[in-house]
Amino acid sequence: MSKLSLGQCHIKDAVVENLLAEALGSGNAEPTEDVDQNRDCSIYLICAPTPININNDPDLEPIEQLIKNIAPLVQKVDLIAVESTVFPSTCEQVVLPLVERASGLNHMTDF
């Protein structure tokens, strides 16, 4: 995370590096793992690994933990985007129920 905050990207792509520099320079983006720094956010990008086990089933624990951490902060009209490799329907079957339960909000009505 510290490299990303410094504008250093593990993806060696000039376009990505320029976009990162622009986002950080604007003051509108601040990479963090500190949930307390997310209190004023209205857009949450969930970027987490999805390792697989020996049966090639995905381990959703990293995503689930991030969702549990940010869900209490989500307010009406906020946006949550999952940018991780997951199976189709994971957002509907796993992410949405976690957010709704922890935030007390309803998908598409409130966020």
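Here are some questions and answers about the structure above.

Me: What kind of model is this, and from what number are residues counted along each chain?
Reply: This is a predicted model, where local features need pLDDT of at least 70, side-chain atom pairs count only at pLDDT 80 or more, and totals for chains, interfaces and linings use all residues. Side-chain values use heavy atoms, with hydrogens and water left out, and residues along each chain, as its sequence is written, are numbered from 1.

Me: Which pattern does the chain follow along the sequence?
Reply: Helices (DSSP runs of H or I, at least four residues) and strands (E, at least two) are numbered from the N terminus. The chain has 4 helices and 2 strands. Read along the sequence, they give α-α-β-α-β-α.

Me: In which sense do strand 1 and strand 2 pair?
Reply: Strands pair if DSSP finds at least two bridges between them. Strand 1 (residues 43-46) and strand 2 (residues 79-82) have 4 bridges, and their sense is parallel.

Me: Which handedness does the β-α-β crossover have?
Reply: From strand 1 the chain passes through helix 3 (residues 61-70) to strand 2. With the strands pointing away from the viewer, a clockwise path from the first strand over the helix to the second counts as right-handed. This crossover is right-handed.

Me: Which residue forms a salt bridge with Asp-110?
Reply: A salt bridge puts a side-chain nitrogen of Lys or Arg within 4 Å of a carboxyl oxygen of Asp or Glu. The whole structure has 1 salt bridge. Its closest N and O atoms are 3.8 Å apart, and the partner of Asp-110 is Lys-76.
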